Amino acid sequence: MGSEMCIRDSVAYLLGISQMLKVFLSGIFFWGYLRVFGNSRGTASIFALGYAFCAHILMRGSWIAYPNETVLLALWLLCFELFYQKRDKRWLPLATALFLLNFSGYYTVLYAGIFCAYAFLRYHSNYRERGIVEKRGGLKFGASYLGSLFLGYGMASMVIIPNVVTMLKSDRFANSVGNIGEGEFFIKLKILETAFFRTIGTCLLYTSDA
């Protein structure tokens with residue numbers, strides 16, 4: 001009886017320790033990302049601390065899964081910069097697969113767009129600063145990057161596909177689609193605005209309109 005209570009109490013401590021590790025790991029990964037990006041150690045340290053102790057991981061830390069997004073996104077950014085700056089193609093597919101394996105079908109679709117948009121803006125902002133336009137280089141980078149992204153999605157496909165199918169069959173998704181009248185080809189701007197701000201906002205219960 002005493003050993004069972006000891007194990008039960010240890011589980012609660014382990015849950016707290018795991019959340020602490022997520023905070024530290026998110027800061028370490030983000031520090032590495034900023035260093036590979038080209039920032040100094042001081043600058044990287046300041047922003048890594050700000051990232052590690054951001055509202056997302058602190059306010060939503062009471063849910064075990066939510067801080068995973070902060071940690072794995074920092075890891076993905078680090079692997080992307082290794083891919084982009086160092087031409088190291090080994091880690092980006094693994095980071096993408098690890099990211100997707102921890103989330104639902106909604107995040108799978110959402111971050112597909114975010115990953116593509118980030119890579120596009122990162123590439124073009126870099127060449128805009130240098131005043132260089134290289135179409136062939138852009139096509140080569142785009143093909144290589146999309147290949148790595150698809151490889152990561154393929155590695156996680158056994159989990160992704162059931163998650164997306166479950167999301168499409170859910171009552172919540174069906175009710176959302178059913179609210180759109182027949183013949184409407186465009187969702188109202190207010191609906192898109194609300195969905196966007198709920199994604200990045202701190203309204204945990206989603207009780208407001210924005």
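**Figure 1. Contacts across the whole chain.** Take the contacts in the chain between residues at least 6 apart in sequence: 69% of them join residues at least 24 apart. Keep in mind for every panel here that this is a predicted model.

**Figure 2. Surface and interior.** On the inside, 30% of the 210 residues in the chain are buried.

**Figure 3. Glu81 and Arg122, a salt bridge between two helices.** Zoom in on the side chains of Glu81 and Arg122, which form a salt bridge at 2.9 Å, N to O. The two residues sit in distant parts of the chain, 41 residues apart. Glu81 belongs to helix α4 (residues 66-85), while Arg122 belongs to helix α6 (residues 105-130). Glu81 has a relative accessible area of 0%, so it counts as buried. Arg122 is buried as well, at 8% relative accessibility.

**Figure 4. Asp88 and Arg90, another salt bridge.** A search of the whole structure turns up 2 salt bridges, and this view shows the one that joins the side chains of Asp88 and Arg90. The N to O distance is 2.9 Å. The partners fall into opposite classes for accessibility. Asp88 is buried because its relative accessible area, 16%, is under the 20% cut-off. Arg90, with 55%, is exposed because that value is over 50%.

Figure 5. If you came looking for disulfides, a search of the whole structure finds 0 of them. For a pair to count, the cysteine sulfur atoms would have to lie within 2.5 Å. The view picks out Cys79 and Cys116 for their accessibility. Cys79 is buried, with a relative accessibility of 7%. Cys116 has a relative accessible area of 34%, so it is partly exposed: the value lies between the 20% and 50% cut-offs.

Note on methods. Residues are numbered from 1 along each chain as its sequence is written. This is a predicted model: local features need pLDDT of at least 70, side-chain atom pairs count only at pLDDT 80 or more; totals for chains, interfaces and linings use all residues. Side-chain values use heavy atoms; hydrogens and water are left out. Buried means under 20% relative accessible area, exposed over 50%, partly exposed in between (1.4 Å probe, protein chains only). Contact means heavy atoms within 4.5 Å. A salt bridge is a side-chain nitrogen of Lys or Arg within 4 Å of a carboxyl oxygen of Asp or Glu. Helices (H or I, at least four residues) and strands (E, at least two) are DSSP runs, numbered from the N terminus.
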